[in-house]
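Here's a quick briefing to read with the model open in your viewer.

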Amino acid sequence: MLINECPNFLLTIGYGRSGSTMLGQILNQHPNFLVTTEFRFLQKYYHSNKTEKDEIELVNSLIKQANKEHMYGSKKILNNQKDNLNINLKLSKKNILYYGDKKSGGNTTIFIKDQIFCESFMNENKNLKIIINTRNPFNVMKSIKQSQFFNRNSAFIKCDEKSSEEEIFQDILYYQNYSFNFYKKYKNRCFILYYDDIIINTENNMKKLFSFFNVEYIKDLNNIINSTKKEDNKIPENFKKFINLIINKNNLDFFKRYIN
């Protein structure tokens with residue numbers, strides 16, 4: 001099956017440690033979704049010969065892995081997500097309306113580095129939907145430092161153990177700024193999912209998410225979200241200067257909750 005032969009195809013963009021793995025787990029337990037958590041579909045497709053054969057093989061492999069994760073869980077989640085709620089509802093798959101993959105940072109890097117490919121990919125696949133995972137960039141930075149999952153392939157700053165908090169913070173802002181620019185260009189095909197919204201006001205925001213997909217809202221899926229987590233929405237004053245340096249002025253509205 002080709003991408004544009006799927007009823008809908010779903011990818012995520014944004015920066016890591018912003019809730020995309022949780023999102024992938026939620027969606028892959030929904031009866032109308034087959035979504036992998038770490039297949040790296042876009043990266044594999046980008047580095048392939050981009051023939052129909054390559055695309056069909058990748059889509060079929062994605063479907064196979066998504067089914068496996070649905071049955072047995074994701075090794076990536078079990079190994080890397082220490083605060084994950086290990087809940088498997090075992091809802092039967094029926095009438096798959098969305099196939100897709102979760103890999104926000106990697107997808108964003110591909111799109112940033114090759115704008116021509118990005119536009120071509122979006123134009124050729126009109127059934128493509130994008131979830132933009134975003135979170136207070138200061139909290140993302142703290143999560144990266146704690147988890148040691150650095151963005152070593154960034155198009156802005158290649159972050160590693162030697163990177164300062166300020167460098168990681170700026171790298172996050174660069175990706176978030178790109179994501180909001182992307183949203184404005186493809187607004188009718190994108191949904192912005194704020195991590196703090198889904199944690200703090202789970203039911204209302206889950207309803208909005210599934211309304212965007214135009215599928216049934218299943219309340220039991222709320223149980224996958226660790227709503228006991230607390231998010232501090234403030235950015236320290238000494239980090240706010242980087243927002244004005246990196247974020248486009250017309251994107252500042254997306255950061256109001258963090259800088260007011």
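Which residues have the most contacts inside the largest nonpolar core? In this predicted model, they are Phe9, Phe41, Phe111, Phe121, Ile130, Leu173 and Phe182, out of 57 residues that make up the core. As a bit of background, nonpolar side chains in soluble globular proteins tend to be buried together.

- Leaving aside residues up to four places away in sequence, Phe182 touches Ile13, Phe111, Cys118, Met122, Ile130 and Cys190.
- Two of those partners, Phe111 and Ile130, also show up with Phe182 among the residues with the most contacts inside the core.
- There's also a second, separate core of 24 residues, and Leu23, Ile26, Phe33 and Ile218 are among its members.

**Positive phi at Arg40**

- Arg40 isn't a glycine, yet its phi is positive, near 60°.
- You'll find Arg40 in the loop that runs between strand 2 (33-36) and helix 2 (41-46).
- Arg40 has a relative accessible area of 37%, so it counts as partly exposed.

**Positive phi at Asn214**

- Asn214 is another non-glycine residue with a positive phi, again near 60°.
- The loop between helix 10 (202-213) and helix 11 (237-246) is where Asn214 sits.
- Is Asn214 buried or exposed? Asn214 counts as exposed because its relative accessibility is 67%, and the cut-off for exposed is over 50%.

Methods: Residues are numbered from 1 along each chain as its sequence is written. This is a predicted model: local features need pLDDT of at least 70, side-chain atom pairs count only at pLDDT 80 or more; totals for chains, interfaces and linings use all residues. Side-chain values use heavy atoms; hydrogens and water are left out. A nonpolar core is a set of buried Ala, Val, Leu, Ile, Met, Phe, Trp, Tyr and Cys residues joined through side-chain atoms within 4.5 Å. Buried means under 20% relative accessible area, exposed over 50%, partly exposed in between (1.4 Å probe, protein chains only). Contact means heavy atoms within 4.5 Å. Helices (H or I, at least four residues) and strands (E, at least two) are DSSP runs, numbered from the N terminus.
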